[in-house]
Amino acid sequence: MPSKKALVRRPSPRLAEGLVTHIEREKVDFDLAVEQWEAYVEALREHGWETVEVDPEDDCPDSVFVEDTVVMYKNVALITRPGAASRRDETAGVEEAVARLGCSVNWIWEPGTLDGGDVLKVGDTIYVGRGGRTNAAGVQQLRAAFEPLGAQVVAVPVSKVLHLKSAVTALPDGTVIGHIPKVDRPSLFPRFLSVPEEAGSHVVLLGGSKLLMAASAPKTAELLTDLGFEVAVVDISEFEKLEGCVTCLSVRLRELYA
């Protein structure tokens with residue numbers, strides 16, 4: 001049977017020092033952030049996911065955003081080389097975690113840079129955002145790692161937000177969703193649904209018709225519920241202050257087989 005494992009990583013005490021690029025810096029309440037992270041992890045567990053906690057990196061403020069450190073396709077883990085040099089120490093612990101789970105491990109090498117938040121998988125199509133954190137060499141290395149396994153890699157421009165998945169994610173039926181003012185080229189996606197809030201662009205697929213979303217997108221939650229999806233909501237306000245969203249707080253491993 002396909003797996004339902006999710007990598008997560010506890011927030012660093014230095015979380016408030018995390019990078020911000022496209023928004024103004026706001027004060028982060030660390031204690032509240034920890035409570036929100038624990039509630040996020042519990043929401044995954046309640047929906048049948050086994051959470052695997054990666055060793056914390058207390059000296060890396062952004063390390064809670066574990067999605068940026070690895071991209072999964074089938075049983076292959078591609079360890080990234082984050083575009084922000086201050087984040088590159090985050091990958092070692094994640095590499096150890098995926099190796100323990102039995103993944104085949106590949107790496108992005110210099111001069112390539114790639115953030116996992118720039119990678120959106122829709123079936124065997126892998127969209128990769130070419131923008132501030134992911135460069136052309138990173139896109140080329142992602143192609144080299146995954147196209148021989150059956151993936152089709154499609155590069156798309158990202159200029160209005162931090163990562164591709166800051167702008168778009170996908171519903172279980174493959175429809176890409178996004179908030180139009182933040183999406184560079186909606187026409188690049190075969191099926192695209194505009195949502196009314198920026199935070200509504202971000203969904204985690206929990207299985208079946210179930211979605212995990214941020215509490216800051218109530219209009220989008222209502223829209224998706226009306227379309228027949230089951231929406232679970234979590235408050236991640238402190239992570240949103242650092243350009244975080246529901247996708248970047250975990251890495252879902254769906255294709256590991258016993």
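Visitor: In which sense do β6 and strand β7 pair, and over how many bridges?
Guide: This is a predicted model. Strand β7 covers residues 125-130. β6 pairs with β7 in the antiparallel sense, over 4 bridges.

Visitor: Which residue in β7 is the bridge partner of V122?
Guide: V122 falls within β6, which spans 119-122. In β7, its bridge partner is T125.

Visitor: Which strands are the edges of the open sheet?
Guide: The sheet has 3 strands, ordered β6-β7-β8, with mixed pairing. An edge strand here pairs on one side only. That gives β6 and β8 (152-157).

Visitor: What lies across β6, β7 and β8, and at what angle to β7?
Guide: The element is a helix, made of residues 136-146. This is α3, running at about 165° to β7.

Visitor: Which residues are the closest to the centre of the largest pocket?
Guide: The largest pocket has a volume of about 760 Å³. Its lining counts 34 residues. Closest to the centre are K121, V122, L205, R252 and R254.

Visitor: Which strands each supply at least two residues of that lining?
Guide: β6 is one of them. The others are β3 (70-73), β9 (168-170), β12 (204-207) and β15 (251-253).

Visitor: Which residues lie nearest the centre of the second largest pocket?
Guide: This pocket holds about 280 Å³ of space. Its lining has 5 nonpolar, 4 polar and 5 charged residues. Nearest the centre lie I23, E198, H202, E240 and E243.

Terms used: Residues are numbered from 1 along each chain as its sequence is written. This is a predicted model: local features need pLDDT of at least 70, side-chain atom pairs count only at pLDDT 80 or more; totals for chains, interfaces and linings use all residues. Side-chain values use heavy atoms; hydrogens and water are left out. On a 1 Å grid over the protein atoms alone, a cavity is a set of points where a 1.4 Å probe fits but cannot get out, and a pocket is an open set with protein on both sides within 12 Å along at least five of seven lines; lining residues have an atom within 4 Å of a point. Grid points are joined across faces, edges and corners, and a volume is the space filled by probe spheres set on the points. Ala, Val, Leu, Ile, Met, Phe, Trp, Tyr, Cys and Pro count as nonpolar, Asp, Glu, Lys and Arg as charged, and the others, Gly among them, as polar. Two strands pair if DSSP finds at least two bridges between them. Contact means heavy atoms within 4.5 Å. Axes are lines fitted to C-alpha atoms, for helices over the stretch in contact, and angles run from 0 to 180 degrees between N-to-C directions.
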